Amino acid sequence: MSGARLRTLPLAIAPVALGTGAAIVASEPGVFHPVRALLALIVALCLQIGVNYANDYSDGIRGTDAYRVGPARLTGGGAARPRSVLTVALAFFALAALAGLVLVVLSGQWWLLLVGAAAIVAAWFYTGGKRPYGYFGLGELFVFVFFGLVATAGTTFVQVGTVNLESWLGGVAIGLIACAVLMVNNLRDIVPDKASGKRTLAVLIGNLPGRIVFCVLLLVPFLIAAFFALFYPLAWFVLFVLLLALPACLITVTAKTAAELILALKLTSFSALLYGLLLGAAFAF
């Protein structure tokens, strides 16, 4: 269970909630596709869990986790055999592919198979392969694309066959929050990552700039929420999520220990979940 990294799962739920709310806006009155929404959620959750186990496996066999200061990992910590961790990762990728295939059949959009394949490839090569892009400062870019734009717009598209402004901007917002989660995670590991040769964006730009970038990534989505509130009155409730986001920013800017950054990570992840659910509900109702 620890290998699944449950605190990251809100990043899979939030874009599906947002995309579904945007789909309701774009559809005819009373039209809703709960089965497709559920399948999109299964795809997102399985991809998130799969990439977590794949990251555990790849960092473990590469020796990166030998330097880590956060929670112990299965492979690097010797709690599970590398092959077992890899098997679990591949099993979740297979489940994501299966749910995605059913979704493609229901929607009739066969070209989405290429998008699904790209998502699995991106999940694996985050820390897998000979030249993982997560080791070259590109993790945030791919997280923004796949757990922001693709997850949100894709959820909308498979339900109504189109993508509206609500879905695109919502995808931008939730993608930025997902990047903030990755940034604060990498800020916690900036010293061990330097030691292991893992050049994350936090390592490349430095500690203080990384903390500033985290705050920008986390707070800009609330400007997007305020824009939507001009057209969807319930969207104003999204701003209450600032009660979590602002403390996360304060903690990250002033943190001196890994434990403080872990707390900020949890607050940011929960902010993503509430943001997605509340804005999605504002669209739907």
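Tutor: At 0% relative accessibility, T152 counts as buried, where buried means under 20% relative accessible area, exposed over 50% and partly exposed in between, with a 1.4 Å probe and protein chains only. This is a predicted model, in which local features need pLDDT of at least 70, side-chain atom pairs count only at pLDDT 80 or more, and totals for chains, interfaces and linings use all residues. Residues are numbered from 1 along each chain as its sequence is written, and side-chain values use heavy atoms, with hydrogens and water left out.

Student: In which helix does T152 lie?

Tutor: Helices are DSSP runs of H or I with at least four residues, numbered from the N terminus. The run that holds T152 covers residues 139-160 and is helix α5.

Student: Is L45 buried or partly exposed?

Tutor: L45 lies in helix α2, residues 34-62. Its relative accessible area is 22%. Buried requires a value under 20%, so L45 is partly exposed.

Student: Which residues does L45 touch, not counting those up to four places away in sequence?

Tutor: Contact means heavy atoms within 4.5 Å. With residues up to four places away in sequence not counted, L45 touches L9, A12 and I13.

Conventions
Helices (H or I, at least four residues) and strands (E, at least two) are DSSP runs, numbered from the N terminus.
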